[in-house]
Amino acid sequence: MTAHQVTTAMARVAGEASLPSAWRVGLARVGIELRAFFREKQAVAFVFSLPAVLLILLGSIFRGQVAGHGVSVGELFAAGLIGGGIMSTSFQYLGISIATERDQGLLKRLRGTPMPGAAYFIGKTGLVLISMVAETAILIVVGMLVDHLRLPATPGRWWTFGWVFVLGAVACTLLGIAASSVPRSARSATAVITLPFVVLQFISGVYVPFTLVPPWLRDIGSIFPLKWICQGLRSVFLPARAAALEPAGSWEHGRIALVLTAWIAAGLVLCLTTFRWQRRRDG
Amino acid sequence: MTQGLALPPGPETVVQAEGLRKWYGDVAAVVGIDLDIRRGEVFALLGPNGAGKTTTVEILEGYRRRDGGTVAVLGRDPASGGRPWRARIGIVLQQASEAEATELTVREMVRHFACFYPRPRDPDEVIELVGLTAKARNRIHQLSGGQVRRLDVALGIVGGPELLFLDEPTTGFDPEARRNFWDLIRAMQSGGTTILLTTHYLDEAEALADRVAVISGGQIVATGAPASLGGRATATATVRWQDGDGPGQVRTDSPTRVIGELAERYGGEVPGLTVTRPTLEDVYLELIGGQR
């Protein structure tokens with residue numbers, strides 16, 4: 001090899017090697033997603049205050065009412081709205097924001113660069129995780145102040161909280177990414193994603209205690225992950241005797257884990273088969 | 001710039017396409033396009049809307065699958081380009097996405113895109129190059145349409161591409177912005193970048209392109225330097241002048257001889273003398289008219 005060939009070969013190797021890793025680009029995406037998100041001050045205020053306001057309202061309206069077995073209605077709402085918050089910061093946010101970014105051409109533009117596809121999802125997941133933890137913390141604090149919600153008292157309850165949170169978050173994140181392919185335009189995205197999400201909250205025990213939901217709607221709600229997330233959270237935040245209020249008469253931890261895991265598998269398959277970097281009409 | 005170091009001792013052909021075909025359902029969008037674009041040239045694809053310009057370019061960029069033909073862009077098939085290949089091209093898509101990431105500043109956006117590449121250009125230098133230095137700290141939603149388009153270009157070139165795709169880059173520009181943009185393209189070219197430009201502005205093609213190809217009905221109907229496209233350089237010229245009785249006009253294949261005779265007749269300056277050949281627009285309209 002001549003010196004020139006060696007230099008060229010080394011440069012070529014360096015060229016391949018120095019492409020930044022997916023993790024490095026992914027962390028840069030997290031940073032840019034956070035900046036863009038938290039600078040939309042009105043949207044941020046809305047996202048974080050809506051469930052808290054609802055919790056305060058519902059807590060005040062049903063103050064002192066007891067669902068049975070010494071469980072206050074306020075506690076039920078607090079646990080339910082934390083579940084709703086997990087799904088809104090993941091499913092609802094991703095469904096709308098990815099649909100919008102696809103329609104506006106950002107995804108297509110990113111796809112035309114050497115950015116690894118995984119980096120985009122790392123960025124979105126990072127933002128979702130941070131806003132979800134913040135939302136959950138806000139709701140727990142509001143719940144403690146308004147509805148006498150108690151923090152989990154035992155390591156066992158914290159463990160349940162941990163796995164319900166993680167499985168629920170992963171399932172709702174994947175479903176949000178999959179759902180982003182449904183709206184046909186940025187303008188329709190909010191309506192297309194929010195309407196089914198609001199309906200789901202009514203039939204999953206977020207806005208209405210699950211025992212008050214008619215059985216046939218309960219059956220529909222039981223298909224989707226939100227009902228199981230809320231049930232898991234009730235087992236974390238409510239007294240043990242409240243299990244008697246569940247339709248099954250118990251917390252059904254095994255079934256919760258099973259349903260959420262199934263949704264994670266289904267969500268992953270949906271994402272892998274339906275995700276598009278371009279608008280439909282862009283072929 | 002350091003990008004030259006990483007080049008394989010390259011073929012001079014940067015884009016090569018043979019018999020490119022693309023169907024949308026039953027509609028043929030591209031029916032057998034051949035292209036051969038050389039390193040360092042500015043190549044313009046001209047054609048009316050729906051002629052197949054964007055389809056062709058998006059196949060070369062790796063966005064669309066072709067239905068037939070062979071393509072090599074920087075020595076690779078764009079359909080399986082991969083990250084190292086993407087790092088060597090720059091893409092400015094047809095439509096500016098004005099609403100996107102509006103709360104980020106120009107500088108943040110350009111710096112962010114720079115981090116995708118192994119050897120990016122200096123973001124501030126790129127911002128300077130597209131003339132957005134005064135707006136570098138502004139949020140993107142505060143920019144005008146033309147400024148957003150300049151940002152699009154900045155994002156397309158921040159990776160230091162060897163080959164730059166520009167799909168109708170100046171649509172909606174005012175004349176001054178267009179001129180500034182042309183200067184930018186010329187600067188890119190003198191820096192060694194190969195540029196593939198689509199446009200439906202004929203003056204733009206004439207001002208920038210070393211070679212143009214006219215696409216109509218999914219086919220290339222003429223290729224050549226703008227000045228000689230469609231036999232323009234040798235086409236019949238029209239000599240016009242002002243006589244005492246009114247305007248005079250002669251159509252001729254040898255305008256120089258005609259002017260010599262006129263000069264003799266007037267004993268020097270010929271009043272109101274002009275010589276015209278078909279404009280690029282005349283040639284272009286004839287070319288695409290013949291296809292319809």
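1. Among contacts in chain A between residues at least 6 apart in sequence, what percentage join residues at least 24 apart? The figure is 82%, where a contact puts two C-beta atoms, placed from the backbone, within 7 Å.

2. A quick word on provenance: this is a predicted model, with local features needing pLDDT of at least 70, side-chain atom pairs counting only at pLDDT 80 or more, and totals for chains, interfaces and linings using all residues. Residues are numbered from 1 along each chain as written, while chains are lettered from A and ligands numbered from 1 in the order written.

3. Chain A has 11 helices and 2 strands, running α-α-α-β-β-α-α-α-α-α-α-α-α from the N terminus. These are DSSP runs (helices: H or I, at least four residues; strands: E, at least two), numbered from the N terminus.

4. Along the principal axes, the C-alpha atoms of chain A fill a box of roughly 85 × 40 × 35 Å. Of its 283 residues, 43% are buried (20 or more other C-beta atoms within 10 Å of the residue's own).

5. Now for a helix pair. The axes of α3(A) (residues 41-61) and α4(A) (residues 73-103) come within 10 Å and cross at roughly 165°; axes are lines fitted to C-alpha atoms over the stretch in contact, with angles from 0 to 180 degrees between N-to-C directions. The two helices are therefore roughly antiparallel (over 145 degrees).

6. Who meets whom? From α3(A), P51(A), L54(A), L55(A), L58(A) and G59(A) meet G74(A), F77(A), A78(A), L81(A), G84(A) and G85(A) of α4(A).

Methods:
A residue is buried if 20 or more other C-beta atoms lie within 10 Å of its own, exposed if 12 or fewer, and partly exposed in between; C-beta atoms are placed from the backbone. Angles under 35 degrees count as roughly parallel, over 145 as roughly antiparallel, 65 to 115 as roughly perpendicular and the rest as oblique.
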